[in-house]
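Here is a brief report on local backbone geometry and helix packing. Please keep the structure in view while reading.

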Amino acid sequence: MPSKSSKKLGDGGVDYAFATEAAHEFIKKYGVDWLPVDIFELVDNYAEANNVEIRIVTIEELSEETKIDRQSLIDDVIYGEDGLAIYDPDTGKYSIVINEQVEPYGRIRWTVAHELGHIVLGHLSSSKVSITKWSLSDEEYNKIEQEAHIFAGELLAPKFIVYRIGCHASAELQDICGLSGKAADSRERAIRELIDDKRKLHDSMLSIIPPFTKFLEFRTICADESTLRIHSRIQRNPEPELPAFLPTPDINKDGRYAYCPNCGNAHIAEEALFCKLCGTHLFAEPISHPTTPCGYIGDKDARYCEQCGGPVYKTRFGLLFDRDEI
Ligand SMILES: [Zn+2]
Ligand SMILES: [Zn+2]
Ligand SMILES: [Zn+2]
């Protein structure tokens, strides 16, 4: 947890830097390395590492346990909000109550991240067992809510990571980060501010890059262009320049040319059937190969698929796969 010293406070004492740094520290400490983040897993990771109990409970479950009807819980317990974090000073346990019926799903993920923010930022204590409008002054309520909001935003859609990918539009943020439209709009504004004011690209933002190294890595994929997930972030590598004269390459004992007979590329992988730069068949005799597109994931400098010779598209590894697919 970052210290609260020497921070510039915003309107109403909102500590933007404190909340942002807490989110960055969380990213580094609790295994955040992919988008969309698995917010439920992160709650568990945090609880386990800090030896605290955090139970996520839906209104439905709470209603069954307490025999209080759903609407009364919404009106009198979470006060019409999407969720609420509650601290029990007697047991030291936390509960995050969520309204599981709100839509879209991104809104529930945001609520969990926001309530987790209250816990991580130390907003809850024996004298403040939950954050509700009626129990706090307007100023304090606003400050605490804003800080949890900043934490949630930076955890679910770290500004610097989405900036690196080049995804600024709300629709892209919804897709990549699993945000609701409203949250994505607000993150889009925050990212545009970052682009306008490069001084905000300070050390703490750079330090969250290492966990996302694999996510940010460039790769190519052999696929039908229209099926790729993030369309605007897909590009094709340029065609290689062909040499004016190229001696006919030797043929290896496996029947393959020692280098590409068309462009001279000698960086040929063990399993390659086609030249990744110009798409030329690498065998002197025709051999069988997969049909295009074959789904092969290739090097970042490829223009053609090494397996089928079809066109490949370059993008970030994280935009091709969900975390559980790798
Ligand atoms: Zn809150
Ligand atoms: Zn070639
Ligand atoms: Zn292919």
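Asn-51 is exposed, with 7 other C-beta atoms within 10 Å. In this predicted model, Asn-51 has a positive phi of about 55°, yet is not a glycine. The residue sits in the loop between helix 2 (39-49) and strand 1 (54-58). Lys-67 also counts as exposed, with 6 C-beta neighbours inside 10 Å. Its loop runs between helix 3 (59-66) and helix 4 (70-76). Lys-67 is not a glycine either, and its phi is positive, about 60°. Most residues other than glycine have a negative phi, and most peptide bonds are trans.

| Peptide bond | Omega |
|---|---|
| Glu-103 to Pro-104 | near -5° |
| Thr-292 to Pro-293 | near -10° |

Pro-104 lies in the loop between strand 3 (93-98) and helix 5. Pro-293 is in the loop between strand 4 (218-221) and strand 5 (297-298).

Helix 5 covers residues 105-120 and reaches 23 Å from first C-alpha to last, close to the expected 22 Å. How enclosed is helix 5? Of its 16 residues, 14 are buried, so helix 5 is largely enclosed by the rest of the structure. Just after helix 5, Gly-122 takes a positive phi of about 70°.

An unreviewed UniProt entry lists residues 90-159 as "domain: IrrE N-terminal-like". That span is 51% helix and 9% strand, with its end C-alpha atoms 38 Å apart.

Helix 1 (residues 16-29) and helix 6 (residues 138-156) have axes that come within 8 Å and cross at roughly 35°. The crossing is right-handed. Among the residues in contact are Phe-18, Ala-22 and Phe-26 of helix 1, and Ile-150, Phe-151 and Leu-155 of helix 6. By class, the contact of helix 1 with helix 6 has ten nonpolar, two polar and two charged residues.

Technical notes: Residues are numbered from 1 along each chain as its sequence is written. Chains are lettered from A and ligands numbered from 1 in the order in which they are written. This is a predicted model: local features need pLDDT of at least 70, side-chain atom pairs count only at pLDDT 80 or more; totals for chains, interfaces and linings use all residues. UniProt positions are given in the numbering used here, feature names are shortened, and annotations may be inferred rather than shown by experiment. Helices (H or I, at least four residues) and strands (E, at least two) are DSSP runs, numbered from the N terminus. The expected span of a helix is 1.5 Å times one less than its number of residues. A residue is buried if 20 or more other C-beta atoms lie within 10 Å of its own, exposed if 12 or fewer, and partly exposed in between; C-beta atoms are placed from the backbone. Axes are lines fitted to C-alpha atoms, for helices over the stretch in contact, and angles run from 0 to 180 degrees between N-to-C directions. A crossing is left-handed if the near helix is turned anticlockwise from the far one by less than a right angle, and right-handed if clockwise. Two residues are in contact if their C-beta atoms, placed from the backbone, lie within 7 Å. Ala, Val, Leu, Ile, Met, Phe, Trp, Tyr, Cys and Pro count as nonpolar, Asp, Glu, Lys and Arg as charged, and the others, Gly among them, as polar.
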